[in-house]
Amino acid sequence: MFSRDNWDEILEALSANWFRTVLTAFGVLWGIFILVILLAAGKGLENGVKQGFGGMATNSMFMWTQVTSKPYKGLPKGRRYNFKIDDVAAIKREVPNMRFVSPRNQLGGFGGGNNVTRGLNTGAFNVYGDYPEIIQQEPMDITSGRFINYSDINDKRKVAVIGEGVRTTLYEPGEEVLGSYIKVSGVNFMVIGTYKKKGNNGNAEENQKQIYVPFTAFSQAFNMGNNVGWMAITAQDGSSITNLKGDVIEVIKTRHSIHPEDDRAVGNFDLFEEFNKINGLFVALKGVAYFVGILVLLSGIIGISNIMLIVVKERTNEIGVRRALGATPWAIRGQILMESIFLTIISGMAGIVLATGVIALVNKALSGMDTSEMMFLNPSVNLGVVITALAILIISGLLAGLIPAQNAIKIKPVDALRTE
Amino acid sequence: MIEIKDLHKSYKTGSNSLHVLKGINFNVAEGELVSIMGSSGSGKSTLLNILGMLDEADSGTYKLDGVPIKNLNEKIAARYRNKFLGFIFQSFNLINYKTALDNVALPLYYQGMKRKERIEKAMAYLDKVGLTPWAQHLPNELSGGQKQRVAIARALASDPKVLLADEPTGALDTKTSYEVMDLIQKINEEGRTILIVTHEHDIAEMTKRIVNLKDGLIIDDKKIDQVKALQHV
């Protein structure tokens, strides 16, 4: 089937009318070009948006206290309560498949006043009391020194890890940071490390202006007692936090005498759910890309089918001669099919090459820019997509050739050879 | 070589049925050079198509070299055509995007012969019809006579039992016609059976036997003294 003679036959037939062959091929080229570009653009958008998560542990939720909305066990509605440090252990104990349960306390926040000073420099920063696990939930690059560890927690050391944004506000360029002291709401903390966060989430700059101190030292220094401001909870890979969320809240409700049907007492934000929504969006986007791409491709294929019909008509006489000379129906059918598939694949390949060329150019242009703030990054198609596209091409080439080939063998040699 | 008994063929055109062949009985021995004559509509082309397995008879028997030709599916018909028959057409029917050599090699391609062998053999047949220098030319670079000689070489390439020629000189001027007939006579003298359909008397007289058809019946079948085409050239 793939002998040199066959190729010679196909090439001869296709090159007999170059201009028409090229025009026909363009339809398929254009279709596959659109398909690949759409998929790559979708991928670029996906990469850009997911960059925003900055490698965060997406199987996470955040939980904070709100005001109860139902009276329960003699307690009135409208009651305020606080998470306690014991809640953390209780959640870990009673809910399975928890990876991290990090209690957090916080100073400052949006619109907060200046709370951190160093010498003559002051600034308004978020100050977090945290456990060492938080770095796995909210990844950051430690640019110098180290992050908080369990010795800091156990000894309640007053140490701090500051963001690059904090450093530029409080320090002169080139000044030694590690070992220096900053004053947070009147309490001195020694700086033991600096960090830089990835991701943007729309407030890339704000993310660099944070200070992390050990949870225990924070509680002691700022009179938190056993109170916990909020929690960042990550489930183990393989079990979704969205499913476990209910159990976690259940534990909190029993421990704090909250009505089981009080939906407003425990505030939470489910990152996993949001992430899944976005993932779903991109699945849909990919579906649209395939749909549009394949439809455009289809019109190209109809073009090929159409031209093959004309070719068969034109070559009626030739086909008759071939059959008189001993060509079997399958030889004729095979040739028309091979011509159609060959034409489709060649033009499809050209389309893929063209599209990847355009993508390469876009990537080159993007690489010269700072893409961390952009919603578009590294548009690309993987080998799987290319193989899928090729499979689509081969199948469509077959489809395009099927009717013309069938027409070709319907031609009777007698009719084909009639000389008038 | 060819045995035909009581052959009938009719065509349906709309509600009318046209009875073209009304019982043909006809034998051709090996090595004969036969011309089939008749006015248009006499059924001579239909007969040739049936002989060439391009068309099937309604009734009657047809044996070619002892093999009954009956109820053929397309695949077997294609094989028989390739093995038993060589066709020569009035309008040459060369494939116009293939060189003379490739045209001649085409029946061998369908026999599944290897390319090198095929080209060698095709070249030998081109040489036989005196067109070696034109091997790499496309049909539209050849004159009518040369085209018909390429077609003859092609018909010979598969070494068939019978050559069927449908008005082989119909599109050629007299001089070229005689040249082509000279070639056909030479091929016949090598022992090959040839059937020619023609309506030109001078061409018919260059064969060894004339069969006259009229209204679907053989009205006359006689051996004649062959006129050598070479005398006229």
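Which residues in α3(A) meet which residues in α9(A)?

Author: The model is predicted. On the α3(A) side, the contact is made by A:Asp86, A:Asp87, A:Ala90, A:Ile91, A:Arg93 and A:Glu94. They meet A:Val248, A:Val251, A:Ile252 and A:Arg255 in α9(A). Sorted by type, the residues of this contact are five nonpolar, five charged and no polar.

As for the geometry, helix α3 of chain A covers residues 85–94 and helix α9 of chain A covers residues 241–255. Their axes come within 10 Å and cross at roughly 130 degrees, which makes α3(A) oblique to α9(A). The crossing of α3(A) past α9(A) is right-handed.

In an unreviewed UniProt entry, "transmembrane region" is assigned to residues 21–41, 288–312, 341–362 and 382–403 of chain A. Two of these spans can be described from the model. Residues 21–41 of chain A are 100% helix and 0% strand, with end C-alpha atoms 30 Å apart. Residues 288–312 of chain A are likewise 100% helix and 0% strand, and there the end C-alpha atoms lie 36 Å apart.

A:Ser340 lies in helix α12 of chain A, which covers residues 329–367. A:Ser340 has a relative accessible area of 0%, so this residue counts as buried. Leaving aside residues up to four places away in sequence, A:Ser340 touches A:Ile304, A:Met308, A:Gly397, A:Ala400 and A:Gly401.

Notes: Residues numbered from 1 in each chain as written. Chains lettered and ligands numbered in written order. Predicted model: local features only at pLDDT ≥ 70, side-chain atom pairs only at ≥ 80, totals over all residues. Heavy atoms only, no water. UniProt positions renumbered as here; feature names shortened; annotations may be inferred. Helix = DSSP H or I, 4+ residues; strand = E, 2+ residues; numbered from the N terminus. Axes fitted to C-alpha atoms, helices over the stretch in contact; angles between N-to-C directions. Parallel < 35°, antiparallel > 145°, perpendicular 65-115°, else oblique. Left-handed = near helix turned anticlockwise from the far one by under 90°. Contact = heavy atoms within 4.5 Å. Nonpolar A, V, L, I, M, F, W, Y, C, P; charged D, E, K, R; others polar. Buried < 20%, exposed > 50% of the residue type's maximum accessible area, 1.4 Å probe, protein only.
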